[in-house]
Amino acid sequence: MSILQVQNVNKSFSGLRALNNVNLTVEEGHVHAIIGPNGAGKSTLLNCFVGRLTPDTGTVTFNGTSLVGKSPHEINQVGVARVFQTPEIFGDLTLLENVMIPTLAKRDGAFALNAWARVDGERAVIEKAEHLLEDVGLADKRDVLANSLSRGDKRRLELAMCLVQDPKLLLLDEPTAGMSRADTNATIDLLKRIGERGITKIVIEHDMHVVFSLAHKISVLAQGTVIAEGKPDDIKGDPRVQEAYLGG
Ligand code: ADP
Ligand code: MG
């Protein structure tokens, strides 16, 4: 069963066609990778899924609900969470507080700072946040300020902040960008583990090792167009993909 359907999506920026009739179907429970050279339109496409951008034409349907025209907040409420290319965390708060915020914000219907002030007595919220920190391997740093984390740990924290929302669909824009090989492998393991919860994931990724370790299906984007789509083994040998990467 598919969870996300993208049909004929187009998006231009003052004459530049960033997305050109993009079609995509994401199956529930899958890891769907979107790969392609720099400037291919990958982030633009993701931004159209989360309401940061509105497609010029075309439809994006999540679980039967149209996402086009909805605000990022509304899209988050229907179960879509996103890990950004640059981590968006609260540097002056502890890790535990960071992971409590999404739950409190959702419950109170107000975002962030006024919500986290209500931390007192929120045992269930604290416990859930603690479990998530454990899951991403940051339990020992729960009382440390998020500012002080390494880049890899910041991304792990952000992932915990997404998972705490129990999303149905998780979008990851280059989750291993700038990471060492060891951190990259730890992230692959982590994403595999959270895969066991049945959360559908769309992953934009440059690192082919990551893509082929995780993806059930791959869509290849080049100059705003999906030039190939299929299982990892089919994509690996596809001459159109190699041409796109070699600057053909
Ligand atoms: P990718 O994530 O695949 O590297 P992007 O989606 O970021 O590619 O960009 C696709 C194209 O759209 C690029 O040519 C980029 O310069 C352009 N672009 C992206 N965002 C904007 C924007 N907000 N304004 C103008 N051009 C943009
Ligand atoms: Mg990008």
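Where does Thr 94 lie? Thr 94 sits in the loop between β6 (80-83) and α3 (95-108). Helices (H or I, at least four residues) and strands (E, at least two) are DSSP runs, numbered from the N terminus.

This is a predicted model: local features need pLDDT of at least 70, side-chain atom pairs count only at pLDDT 80 or more, and totals for chains, interfaces and linings use all residues. Residues are numbered from 1 along each chain as its sequence is written, and chains are lettered from A and ligands numbered from 1 in the order in which they are written.

**Around Thr 94**

Thr 94 is partly exposed, with 15 other C-beta atoms within 10 Å. On this scale a residue is buried with 20 or more such neighbours, exposed with 12 or fewer, and partly exposed in between; C-beta atoms are placed from the backbone. Thr 94 touches Arg 142, Asp 143, Val 144 and Leu 145, leaving out residues up to four places away in sequence. Touching, or contact, means that the C-beta atoms, placed from the backbone, lie within 7 Å. Ser 148 is 54 residues from Thr 94 in sequence, and the two are 9.7 Å apart in space, C-alpha to C-alpha.

**The chain as a whole**

The chain holds 10 helices and 10 strands. Its C-alpha trace spans about 55 × 40 × 35 Å along the principal axes. A compact globule of 248 residues would have a radius of gyration near 18 Å, and the chain agrees, with 18 Å. That radius is taken over C-alpha atoms, and the globule rule is 2.2 Å times the number of residues to the power 0.38. Buried residues make up 40% of the 248. Of the contacts between residues at least 6 apart in sequence, 65% join residues at least 24 apart.

**Core**

The largest nonpolar core has 69 residues. Such a core is a set of buried Ala, Val, Leu, Ile, Met, Phe, Trp, Tyr and Cys residues joined through C-beta atoms within 7 Å. Those with the most contacts inside it include Ala 33, Phe 49 and Leu 133. Ala 33 touches Val 203, Glu 205, Val 211, Leu 214, Ala 215 and Ile 218, not counting residues up to four places away in sequence.

**Ligand 1 and α1**

The shell around ligand 1 includes Phe 13, Leu 16, Lys 42, Ser 43 and Thr 44. A residue is near the ligand if its C-beta atom, placed from the backbone, lies within 6 Å of it. The largest share of the shell, three residues, comes from α1. Eight of the nine residues of α1 are buried, so the helix is largely enclosed by the rest of the structure. Lys 42, Thr 44 and Phe 49 are among the buried ones. Just after α1, Gly 51 takes a positive phi of about 85°.

**The open sheet**

Four strands form an open sheet in the order β2-β1-β4-β5, with antiparallel pairing. β2 and β5 (65-66) stand at the edges with a single partner strand each, so one side of each has no neighbour in the sheet. Strands pair if DSSP finds at least two bridges between them.

| Strands | Sense | Bridges |
|---|---|---|
| β1 (residues 2-13) and β4 (residues 57-62) | antiparallel | five |
| β4 and β5 | antiparallel | two |

Gln 5 has Thr 61 in β4 as its bridge partner. Thr 61 also stands opposite Ser 66 in β5. Asn 10 faces Thr 57 in β4. The hairpin of β4 and β5 has two residues between the strands, and in it Asn 63 takes a positive phi near 50°.

Notes:
Contact = placed C-beta atoms within 7 Å.
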